[in-house]
Every structure is written in structure tokens, then in C-alpha cells.
Amino acid sequence: MAASTLFDSVSTALPSVVLRTFLADALYEVGEIEEARRIADEGAQRAERAAHAYSRVQVNQVRSRVMLAQGQPQEALSMLAADWRTSIELDMVQMHPIIAA
């Protein structure tokens with residue numbers, strides 16, 4: 001069964017993406033920026049392959065912080081702006097404070 005049929009795409013994140021989100025965040029916090037980016041990008045790819053909006057928005061909040069640390073503010077802002085629109089369109093109100101922060 002496809003992941004998109006197992007998990008509602010607007011209220012529950014895919015476990016494999018959640019794992020990568022928190023691992024990337026932990027790596028970021030200890031200064032392992034390149035590894036954090038690799039893991040976060042892998043999580044984003046999984047979310048994209050599953051067409052899973054909630055997971056994509058979740059992992060992108062970590063990706064954006066890593067991008068900032070890598071000197072890519074425009075890329076981070078563009079990604080977060082797209083995620084903000086997605087969260088509004090799909091009424092993912094639980095993501096609003098995460099994206100706004």
C-alpha cells in the first residue's frame with residue numbers, strides 16, 4: 001500500500017520523514033551542517049515522492065535553517081513562502097507557527 005494512502009497528507013507526517021527531520025535538526029544543532037543538509041534533503045525527497053505535503057512542510061523547516069547556515073537565505077525564504085501557501089491552502093493550521101518562526 002502506498003504511503004499516501006496510509007497517511008493523511010495534511011495531518012500526519014510519514015515516519016521516515018519525521019526521523020530524518022529530527023536527525024537533521026540534531027545534526028544542525030551540533031554543527032554538522034553538511035550532514036544535516038544531506039539528511040534533510042533525503043527526507044524532502046521522500047516527502048515529494050509520496051506527494052505528502054505535511055511531511056514536506058515539516059522537513060523544510062529544518063532545511064530552511066540549514067540553508068541559512070549555508071548562506072542561502074533566498075532559497076530558504078522561497079521554500080518557506082511556498083510551504084506557507086501550502087499550509088494555508090490545505091488548512092494545515094498546526095504548521096503555521098512552525099513556518100512563521
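In this predicted model, aspartate 83 lies in helix H5. The residue is buried, because its relative accessibility is 2%. When neighbours within four places in sequence are set aside, aspartate 83 is in contact with Arg56, Val57, Asn60 and Ile99. Helix H5 also holds alanine 81. With a relative accessibility of 31%, alanine 81 counts as partly exposed. The C-alpha atom of alanine 81 is separated by 8.6 Å from that of isoleucine 99, a residue 18 positions away along the chain.

The protein as a whole contains six helices and zero strands, and its pattern along the sequence reads α-α-α-α-α-α. Of its 101 residues, 41% are buried. The average pLDDT of the protein is 90, and 89% of the residues reach at least 70. Over residues 1-7, by contrast, pLDDT stays under 50. For this stretch the model has nine contacts beyond four places in sequence.

Two helix pairs that involve H4 were examined. Packed helices are described by the angle between their axes together with the distance between those axes. The axes of H4 and H5 cross at roughly 160 degrees and come within 9 Å of each other. The two helices are therefore roughly antiparallel, the angle being over 145 degrees. H4 contributes Ala53, Arg56, Val57, Asn60, Gln61, Arg63, Ser64, Met67 and Leu68 to the contact. From H5 come Pro73, Glu75, Ala76, Met79, Leu80, Asp83 and Thr86. Sorted by class, the residues in the contact of H4 with H5 are eight nonpolar, four polar and four charged. The crossing of H4 with H5 is left-handed. The buried aspartate 83 is thus one of the H5 residues in this contact.

The second pair consists of helix H2, residues 15-29, and helix H4, residues 53-69. Their axes lie 9 Å apart, and the packing angle is about 20 degrees. H2 and H4 are therefore roughly parallel to each other, since the angle is under 35 degrees. The crossing of H2 and H4 is left-handed. On the H2 side, the contact is made by Val17, Val18, Thr21, Ala24, Asp25, Tyr28 and Glu29. The H4 side supplies Ser55, Gln58, Val59, Gln61, Val62, Arg65, Val66 and Ala69. The contact of H2 with H4 comprises eight nonpolar, four polar and three charged residues. Gln61 of H4 takes part in the contact with H2 and also in the contact with H5.

Most residues other than glycine have a negative phi. Alanine 51, although not a glycine, has a positive phi of about 50 degrees. This residue lies in the loop between helix H3, residues 33-49, and H4. Alanine 51 counts as exposed because its relative accessible area is 60%, where the cut-off is over 50%. Aspartate 91 is likewise not a glycine and has a positive phi, here of about 55 degrees. The loop that holds aspartate 91 runs between helix H5, residues 73-89, and helix H6, residues 96-100. At 57% relative accessibility, aspartate 91 is exposed, whereas aspartate 83 is buried at 2%.

Definitions and conventions
Residues are numbered from 1 along each chain as its sequence is written. This is a predicted model: local features need pLDDT of at least 70, side-chain atom pairs count only at pLDDT 80 or more; totals for chains, interfaces and linings use all residues. Side-chain values use heavy atoms; hydrogens and water are left out. Axes are lines fitted to C-alpha atoms, for helices over the stretch in contact, and angles run from 0 to 180 degrees between N-to-C directions. Helices (H or I, at least four residues) and strands (E, at least two) are DSSP runs, numbered from the N terminus. Angles under 35 degrees count as roughly parallel, over 145 as roughly antiparallel, 65 to 115 as roughly perpendicular and the rest as oblique. A crossing is left-handed if the near helix is turned anticlockwise from the far one by less than a right angle, and right-handed if clockwise. Contact means heavy atoms within 4.5 Å. Ala, Val, Leu, Ile, Met, Phe, Trp, Tyr, Cys and Pro count as nonpolar, Asp, Glu, Lys and Arg as charged, and the others, Gly among them, as polar. Buried means under 20% relative accessible area, exposed over 50%, partly exposed in between (1.4 Å probe, protein chains only). pLDDT is the predictor's confidence in each residue, from 0 to 100.
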